[in-house]
Amino acid sequence: MPTEEIRVSGTVQGVGFRPTVYRLAKACGLHGDVCNDGQGVLIRVSGSEEALTEFVARLQTECPPLARINQLTRTIYEGELKFDNFVISSSVNSAIKTEITPDSATCPQCQQEIFDPFSRFYRYPFTNCTHCGPRLSIIRAIPYDRCNTSMSAFVMCSECRKEYHDVENRRFHAQPVACHACGPTAWLERADGKTVTASMFSMLDDVDAVCTLLQKSEIVGIKGLGGIHLACDATQETAVQKLRQRKKRYHKPFALMARDIEVIEEYCIVNAKEKNLLTSSAAPIVLLQTSGKKVVAPSIASGQNTLGFMLPYTPLHHLILRRMNRPIVLTSGNLADEPQCIDNDEAREKLGTIADYFIFHNREIINRVDDSVVKVISDKVQIIRRARGYAPASISLPSGFHNVPQILAMGSELKNTFCLLREGKAILSQHLGDLENAAAFNAYQETLNLYLNLFEHQPEVIAIDKHPEYLSSKLGKELASKNQIKVYPIQHHHAHIAACMAENGIPLDSPPVLGIALDGLGYGDDGTLWGGEFILADYRKFKRLGTFKSVVMLGGKQAIYQPWRNTYTQLIAAKLWDDCEQKYTELEIFKLLKNKPLKLLNQLIEKGINSPSASSVGRLFDAVAAAIGICPEECSYEGQAAIAMEAIVDVSSLNNHKETLIYPFSFSISDSIYCIDPRPMWQALLDDLQQQIPQPVMAAKFHKGLANAILEMVKHLCQENLINQVALTGGVFQNCILLEQVTKGLQTLGIKVLTHSLVPANDGGLSLGQAVIAAAQLIEEC
């Protein structure tokens with residue numbers, strides 16, 4: 001009778017895969033065993049040829065909900081199988097090649113149980129099974145067994161143990177399984193340390209009391225799955241403003257959570273794809289268009305026409321929101337720019353002056369995991385922040401990358417992720433934030449060490465960004481020196497383009513694509529800052545074919561947060577300042593600029609003091625927004641002015657094809673590089689300001705004009721270089737209007753368009769590009 005060894009790799013641990021194997025093997029009349037090991041799942045099985053074939057086919061079609069089979073290989077088993085039945089064997093420690101499952105939202109069956117008075121899981125905030133619950137957030141080591149998680153602190157009661165060992169039960173080998181009798185507990189505290197009990201509120205328990213506190217406009221710190229959040233009633237402006245003032249987060253939009261889809265639909269338009277995202281096992285924050293039916297507090301997302309909503313993704317959240325028929329704010333529990341708190345004592349210390357109450361629990365969070373953020377553009381999902389629910393699921397690399405050695409890519413300075421590349425897979429970390437903050441950089445190093453240990457990853461080369469001052473790059477050099485391995489410095493925008501190519505499955509040896517990389521800035525090969533680039537690129541090399549005109553960033557980083565600086569330097573570069581002093585003296589932007597210390601600022605520009613040149617399209621957006629009166633003085637976060645300008649675009653003007661409703665740009669060639677010059681746009685915009693054209697119309701004219709300029713550049717470059725594929729990447733392409741306008745225009749030209757859907761277009765996807773470029777260059781050297 002044939003006997004086979006079947007190796008299954010992918011997301012196959014902690015997802016109910018072995019019980020599925022057991023059930024199917026029994027159904028097919030097979031003998032043998034199945035176990036977890038470092039490579040995934042190993043099946044040794046004996047039976048007829050027909051039974052084995054049926055078993056393998058059903059294994060792939062009846063895969064558990066959270067499982068993902070990347071590879072299944074069958075070989076003849078030469079050993080002797082001494083089984084007269086089929087059994088599940090203990091895990092085997094071996095070289096780690098398997099994957100870690102992302103944290104998963106509460107499944108429908110567990111949701112039903114926590115609200116069923118006859119269930120032993122009734123109102124238990126940590127109910128889970130093999131189809132849902134914590135994974136990455138609680139794991140210390142692989143294989144994914146209870147002893148390697150923070151659940152090792154809780155000894156299973158007899159009931160849980162019975163279900164854990166019952167192969168027919170949904171909780172068979174669900175490592176975090178627990179109940180009221182044996183698992184983690186949650187309790188309510190006052191932030192001032194005074195005693196509090198649920199009886200003070202006449203509620204069912206401490207968790208239920210949280211709902212009452214939120215309804216009373218209190219701010220509550222909630223320890224969830226991958227970190228601690230701060231919550232308040234999203235419809236009460238007083239509560240929202242109190243949270244903003246205490247947290248010192250004055251303008252950046254707050255994320256919202258609602259009990260169910262029906263509540264969300266009272267505030268936003270939700271299409272089928274967005275609904276699927278909200279209710280998926282990833283349960284991300286989804287950016288939705290406001291409907292105008294009901295409104296949240298004005299300062300939730302000031303100046304925007306979208307709201308970021310998510311549904312409850314843990315039993316704790318479901319129980320808190322059971323009686324809540326309106327949305328709540330659920331924002332990261334942290335001080336400004338610091339990582340989210342994950343420890344109870346840390347939260348008491350750092351958030352005690354922000355929250356009025358805390359709902360804590362005693363299950364340790366091992367890995368900090370922020371909420372993911374996504375949006376749907378032209379019926380395609382775009383990930384803005386890749387974290388809970390998505391990381392660290394691997395991304396399969398295109399053909400040509402399957403035999404490369406292990407590579408570590410360090411990522412960027414802002415919106416950082418790092419990437420481990422091995423055996424044709426890329427494992428991106430969860431979003432780790434901006435490394436300029438010391439606490440965030442420390443957390444980055446801790447998470448990096450954890451991943452290297454979890455996956456037993458020993459990189460042979462390290463890829464870094466070329467910017468000499470990025471902390472991630474400096475750390476990469478230190479690690480390379482310490483381990484005596486090679487460093488590959490990768491140009492920022494080449495990495496953006498390569499990331500887009502890789503996630504779209506472009507093979508290693510494919511012809512170059514035209515990459516359009518628009519972002520804030522990145523270190524260019526000529527020593528200047530780039531940010532509006534047209535690059536002919538494959539994985540190994542690139543050539544800069546076109547760019548936007550470089551303009552001084554007055555004050556360096558200050559220009560990101562004070563948009564007027566960009567407006568001033570744009571007008572200087574366009575040689576329009578003299579016109580302003582003669583013709584446009586009554587404009588508000590001119591009056592604002594005239595009140596600045598222009599003599600001193602001009603000296604800084606002339607002497608090049610803290611005023612680098614940059615071809616940044618992100619800063620061009622800021623400059624235009626400030627000129628038309630959007631956030632001219634200050635922004636509290638990068639891109640605030642640009643996002644606000646996108647939100648007010650007049651749709652009728654956008655859809656009107658009259659040339660008078662499009663701002664013009666001009667083109668020139670310098671050193672064989674095409675250059676887009678916004679000077680004509682500025683002249684037309686100043687005239688519109690003088691004629692008091694409404695802001696929404698000017699915003700539409702700018703978006704259309706910019707898209708037109710990009711398309712004209714592409715026409716020239718594609719004809720000259722015989723290109724038929726264009727990759728759109730960089731944080732600026734998170735602008736829905738620009739992305740849609742450019743994509744439609746390219747498709748009309750018969751050009752295939754590559755965009756992002758698996759990793760962010762912003763710097764959160766950069767590490768993937770760094771990794772594949774380093775791999776391609778390494779292969780070429782060999």
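Which residues form one aromatic cluster? The cluster consists of Phe418, Phe441, Tyr444, Tyr451 and Phe455. The model is a predicted one, in which local features need pLDDT of at least 70 and side-chain atom pairs count only at pLDDT 80 or more, while totals for chains, interfaces and linings use all residues. Residues are numbered from 1 along each chain as its sequence is written, and side-chain values use heavy atoms, with hydrogens and water left out.

Searching the whole structure gives 14 aromatic pairs, where rings of Phe, Tyr and Trp (its six-membered ring) pair if their centres lie within 6.5 Å, and planes under 30 degrees apart count as stacked, over 60 as edge-to-face and the rest as tilted. Tyr124 and Phe126 make an edge-to-face pair, because their ring centres are 5.6 Å apart and their planes stand at 70°. Tyr124 is buried at 2% relative accessibility, and Phe126 is buried as well, at 5%; buried means under 20% relative accessible area, exposed over 50% and partly exposed in between (1.4 Å probe, protein chains only). The rings of Tyr267 and Phe309, by contrast, have centres 6.4 Å apart and planes at 40°, so this pair is tilted. Because Tyr267 lies in the loop between α7 (261–264) and β10 (268–269) and Phe309 in strand β12 (residues 306–310), the pair ties together parts that are 42 residues apart in sequence; helices (H or I, at least four residues) and strands (E, at least two) are DSSP runs, numbered from the N terminus. Tyr267 and Phe309 are both buried.

Charged groups also sit over rings, a contact that requires NZ of Lys or CZ of Arg within 6 Å of the ring centre and within 35 degrees of the ring normal. Arg388 lies over the face of Tyr313 at 3.5 Å from the ring centre, and the charged end of Arg544 sits over the ring of Trp530, 4.0 Å from its centre.

Ala463 has Tyr488 of β22 as its bridge partner. From β21 the chain crosses through helix α12 (residues 471–483) to β22 in a right-handed β-α-β crossover, meaning that, with the strands pointing away from the viewer, the path from the first strand over the helix to the second runs clockwise.

Finally, the structure holds 0 disulfides, a disulfide being a pair of cysteine sulfur atoms within 2.5 Å. Cys160 is in no disulfide, and the nearest cysteine sulfur, that of Cys179, is 3.6 Å away; Cys160 is buried, with a relative accessible area of 0%.

How values were computed:
Two strands pair if DSSP finds at least two bridges between them.
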